[in-house]
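Subject: Handover of a structure

Dear colleague,

Please find the structure below, followed by an account of what was found in it. I would be grateful if you would read the two side by side.

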Amino acid sequence: MSLGPRGRLVLFFHGGHSAAQPAPTQDPFLATLSAPTPTPHIPSNYESGANFIIKDGFTNNLNHNWYNHEYWTELAVGDGKLSFDSSDQDSYATAISTITGPFDQPVYIQADLSTDASTAESYGVLFDDHYPTNEFFVFQINPESKQYTLHHHIGRQWYLRMSGVTDLIKSYPAANTIGIYMNKGYLEFYINHGMIDVYQDSGSDFQSGQTGFYANNSGFHVVVTNFAINRTGAP
Amino acid sequence: MMDGQKANAGPVPRWLVILAGGYLIYLFILLGISAAFLIPLVKTSARTPPTPSVTVSSTPQILVHAPLDKSSIRYEDFSSDVRDWNLAYLRGKIETINNRLILQSYAHGGPAVGQNQLFIPAGSLYYVQADFMTDVDADQPYGLVFGRDNELDTFYLFEILPRLQQFAFYKYTPGTWETLVPFSGAEMKPYPQANTLSAYFDKGQIELYINGNRATSYTDQRPYLSVGVGAFAADPSYRLIVSDFFAYSEK
């Protein structure tokens, strides 16, 4: 859904000779507002090293490290990858890690995601999942439209928080590396090692729930490799 | 003969001297009476604490059309999270930073709408008020959304452009902007100050206020009856900052 076009207002400023108005007092809040594009916490050549919370090579799921909420989700772990899909049309599918927050310091989640077929649907990383209230966030990409979105799911409702477009998203069949830096109520989103957006919700703690992956519909498998949650040290 | 002295007008009459003296005595008595009354007052005030100075409250409150039943007022200070607030359309961002709702458009030349469909219960009369400011001196308008129906994608927009001290009022249906009140002059605060925008809706009778002062009124013969509220940022050139939202409705 998009808002219909409306004529832009063109300003015409008259060059006058009136005395300058005294500058009004600035709201201190403006000084606390970060630059529209802050400095990334994760460099483009980031390597996780040994400071990880979880680093899954996806050899098997014998310890049930991965599970799903929906009975229509088909989940498989092995051969170095996690693969899942929705067998129910118009229903989403998830794959959730049993590793849960809250984490004691800022973390960086990163994984390589691809699909086994070309699709117009979106897929991505799910985080801050709280199963009892069916509440979680999903950061999705759409390789066809190059669009990314951040949704908050509460109960049975979806709330769109952020939506943009970036050419950093690669088209099928290439894998896309998705990264999310989390520091309590602050998030940075990375696609293929470039920061594409930030999001802030001072009243939230995005690190308090479980993490996983998300497919927005049926008709394709999401394939995940190289998944890790890393401690990044001081904010 | 000219000797530098004023020309003598002659002796003062005796009756005038008596009259002036009496007048002086009268003033002296009046002064004494006044002192008798004022001195005790001064002593009394010295024993009591000084009058407290008037505190200018910065607490947000409803500026006009306050309801009789205060319990019906819904207030949002964005101190927790944005749970029920979301983007109405793609290309933008809605977030909370330090008790402010921040709305930003990502659409080139296009707007963003942040909305809350469940802020107040449905009613044929409602009032909505919010404090708006921008992070830069915006050259495009911003405004208050009300009467929003999420399903039908319809709403009213009351927008202002502080740089030009102008406001306008629109009615939106999918793909169409109907200008109800074209851009008109009104007093409003310049950047970086906040402006309080209010809308009072009573069965299609709409009153619009800027900082508590009526900007215009309009009667919509085919009014939107939904009560969703929100904020409007005209384009990506600024971030819209909303510090609070008030609303109430009546059946």
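Two strands are said to pair if DSSP finds at least two bridges between them. Helices (H or I, at least four residues) and strands (E, at least two) are themselves DSSP runs, numbered from the N terminus. In β8(B), T154(B) is the bridge partner of D149(B).

This is a predicted model, in which local features need pLDDT of at least 70 and side-chain atom pairs count only at pLDDT 80 or more, while totals for chains, interfaces and linings use all residues. Residues are numbered from 1 along each chain as its sequence is written, with chains lettered from A and ligands numbered from 1 in the order in which they are written.

The sheet in chain B

Strands β7 (residues 142–149) and β8 (residues 154–161) of chain B are joined by six bridges and pair in the antiparallel sense. Both belong to an open sheet of seven strands in chain B, with the order β2-β5-β14-β7-β8-β9-β10 and antiparallel pairing. At its edges stand β2 (86–87) and β10 (176–185) of chain B; each has a single partner strand, so one side of each is left without a neighbour in the sheet.

The two chains

Chain A contains one helix and 15 strands, and chain B likewise comes to one helix and 15 strands. A residue is called buried if 20 or more other C-beta atoms lie within 10 Å of its own, exposed if 12 or fewer, and partly exposed in between, with C-beta atoms placed from the backbone. Buried residues make up 38% of the 235 residues in chain A and 39% of the 251 residues in chain B. Two residues are in contact if their C-beta atoms, placed from the backbone, lie within 7 Å. For contacts in chain A with a separation of 6 or more, 62% are between residues 24 or more positions apart.

The nonpolar cores

A nonpolar core is a set of buried Ala, Val, Leu, Ile, Met, Phe, Trp, Tyr and Cys residues joined through C-beta atoms within 7 Å. The largest has 66 residues, of which A231(B) and A247(B) touch the most other members. Strand β15 (residues 239–250) of chain B gives the most to this core, with seven residues. A second, separate core has 50 residues, among them V77(A), V138(A), I178(A) and I229(A).

The interface

Between the chains, 28 residues of chain A are in contact with 40 residues of chain B. On the side of chain A that touches chain B, α1 (28–32), β10 (157–165) and β13 each supply at least two residues. M162(A) stands opposite K93(B) in β3(B).

A glycine in a loop

G209(A) lies in the loop between β13 (194–200) and β14 (210–215) of chain A. Is G209(A) buried or exposed? G209(A) is buried, because 21 other C-beta atoms lie within 10 Å. Leaving aside neighbours within four places in sequence, G209(A) is in contact with residues including T100(A), F127(A) and H130(A). The C-alpha atoms of G209(A) and H130(A) are separated by 5.7 Å, although the two residues are 79 apart along the chain.

With kind regards
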